[in-house]
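Hello,

Here is the structure I promised to hand over. Please have a look, and then read my notes below.

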Amino acid sequence: MRKTIWIEQKEKIEEIISKAEVCALAMIDTEGKPYVVMMNFGYRDGYFYFHGDHNGKKMDALRQNKEVSIFLSVDHKLVFQHENVACSYGMYYRSVSAQGRVEFIEEYEDKINALNIIMQQYTKRNFNYNPPSIHGVSVFRVKVENIRCKQFGVY
């Protein structure tokens with residue numbers, strides 16, 4: 001049975017976020033065009049954390065317009081009602097869509113904390129960093145201003 005369920009419980013939303021390996025970060029580029037990149041990320045206390053090179057299209061866009069959207073999905077499962085009827089196929093999934101505003105992180109220790117939040121998404125541990133790697137990376141976070149979570153299908 002196909003069914004859309006809107007998820008509003010904070011714990012369930014954060015469970016879905018914790019399962020995600022990557023997310024799409026959508027922004028408006030410097031020419032006013034939509035631009036989306038896949039990103040590794042971390043999440044804690046209502047903020048998504050990201051890092052990247054100081055230069056490039058993404059950073060230029062984020063400096064010009066700090067409004068972004070974030071999308072991730074997990075638990076994909078191809079389903080069908082009849083294997084010979086194309087229109088009966090669908091994909092079950094759980095997804096999170098969020099909007100917010102970029103905040104660049106400049107302080108050395110704050111960058112380390114943010115990078116460890118990102119690493120904990122994948123490894124569940126903290127790391128030590130050398131000064132050139134901290135100075136050589138841009139780190140930013142997005143405070144969630146709006147979030148929607150959806151489950152399509154019954155698991």
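Which residue lies over the face of Trp6? That is Arg148, at 4.0 Å from the ring centre. Likewise, the charged end of Arg141 sits over the ring of Tyr47, 3.8 Å from its centre. A charge sits over a ring if NZ of Lys or CZ of Arg is within 6 Å of the ring centre and within 35 degrees of the ring normal.

A word on the basis: this is a predicted model, where local features need pLDDT of at least 70, side-chain atom pairs count only at pLDDT 80 or more, and totals for chains, interfaces and linings use all residues. Residues are numbered from 1 along each chain as its sequence is written, and side-chain values use heavy atoms, with hydrogens and water left out.

Now to the rings. The structure has eight aromatic pairs (rings of Phe, Tyr and Trp, its six-membered ring, with centres within 6.5 Å; planes under 30 degrees apart are stacked, over 60 edge-to-face, the rest tilted). The pair of Phe104 and Phe140 is tilted, because the planes are at 55°, with the ring centres 5.9 Å apart. Phe104 belongs to strand E7 (residues 90-105) and Phe140 to strand E8 (residues 138-152), so this pair ties together parts that are 36 residues apart in sequence. Strands are DSSP runs of E, at least two residues, numbered from the N terminus. Phe140 is buried at 0% relative accessibility, while Phe104 is partly exposed at 24% (buried is under 20% relative accessible area, exposed over 50%, partly exposed in between, with a 1.4 Å probe and protein chains only). Ring pairs also link Phe41, Tyr43 and Phe48 into a cluster.

Best wishes

Notes:
Helices (H or I, at least four residues) and strands (E, at least two) are DSSP runs, numbered from the N terminus.
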